[in-house]
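Hi there,

Here is the structure I promised to send over. Have a look at it first, and then read on for my notes.

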Amino acid sequence: MPSEAREAGPGDRDRPWTDLLARHGGRYALVFVLGAFIATFAIWLPDKFWTEANFRAMVNSQAIVLLLALAATIVLRTGDFDLSIASVMTLTAATSAVIVEDGRSLGLIFVVAIAVGIVVGLINGFLVVKVGVSSFITTLGMMTALTGVAIAVTNSRQIYNLEGPMLTVARYKILDFPLRTWYGWALVVVLWYVYERTPVGRYLLFIGGGRDAARLAGLNVDAIRIGSFVASSIVAALTGIVLAGFLGGIDPNIGPSFLLQPFAAAFLGATALHIGRFNAVGTIIAIYLLVVGITGLTLLGAERWVNEVFNGGALVLAVMFARLVGRRR
């Protein structure tokens, strides 16, 4: 992905406002579109869309997707893909459900989840970085394999009606928002700090912009790339606990349904604020743009298939925009 657009400088004060808008407006285009969507649907559907209950429902419904989208940005920032995150989440959710059924402690669930994240991340990282297999192919295969493992762990059955503290992990409310929503917001803050305020964030971006140049600059490119796979898998694995707590169980075949939307949000988020960079704040803006659009269309009577068309279209447009920006630089 290309580097960020030029920041506003002292010389911009002498430029006409139309020139500044053309130069910098693209950074905030996604925010403007989100505001336009909200205003349009609020005027069109005041009794259905413009309600506190609807806004809470939209925000809370995207908590799992937000966590996965943020996990995806960690690897995307280095120029790689990790398509296995949804299956890592499903495997951890399945394992957690089985552990709860056996009456084991919540602490064991977290230990197993982190172990799953580390192992899967290391395997992905080793195959991609050391063996040289495409990250797309490696994680696509891992996604399929982990789906099979999740089915095996649950003995090919759906698990529902779980009880106990695992439900609290996802459903307990603070200020009337469930913890799963707070986890997503907290991870946005953490990743924003890491991406924008720490050397690690700059290293990830540097490697994504050019690995050979990063090596010449003295960075341990292989270790950082492998570390990004491990970090992404750990976030996805912990999201599995949240998913199982939210659903009160798990369907081991649910993973693929969480694949498209997180990547659509991650790529769309790279067109906001820091154009060309996968970033945390842009990702959450993209998530809410997608859910506002889909919810508005659904309230207008659109069929369910519109969801897939909307998400898929957003992903294609975001990738196309990113390539166009890259060519211009």
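How many residues does helix α5 have, and what does it reach from its first C-alpha to its last? Helix α5 covers residues 85–101, which makes 17 residues, and it reaches 24 Å between those two end atoms. That is close to the 24 Å expected at 1.5 Å a residue. Please keep in mind that this is a predicted model.

What I liked about α5 is its setting. Of its 17 residues, 16 are buried, so the helix is largely enclosed by the rest of the structure. Just after α5 comes Gly103, with a positive phi of about 80 degrees.

Is Ser96 buried or exposed? Its relative accessibility is 1%, and the cut-off for buried is under 20%, so Ser96 counts as buried. Setting aside neighbours within four places in sequence, Ser96 is in contact with Ile109, Met166 and Ile241.

Now for the chain as a whole. Its secondary structure comes to 15 helices and 2 strands. The chain has 329 residues, and 50% of them count as buried. Among the contacts with a separation of 6 or more, 76% are between residues 24 or more positions apart. As for the surface, the chain exposes about 15,400 Å², and carbon and sulfur atoms supply 66% of that area.

Enjoy looking around, and write back with any questions.

Best wishes

Note on methods: Residues numbered from 1 in each chain as written. Predicted model: local features only at pLDDT ≥ 70, side-chain atom pairs only at ≥ 80, totals over all residues. Heavy atoms only, no water. Helix = DSSP H or I, 4+ residues; strand = E, 2+ residues; numbered from the N terminus. Expected span 1.5 Å × (residues − 1). Buried < 20%, exposed > 50% of the residue type's maximum accessible area, 1.4 Å probe, protein only. Contact = heavy atoms within 4.5 Å. Areas by Shrake-Rupley, 256 points an atom, 1.4 Å probe, with all protein chains shown as cover.
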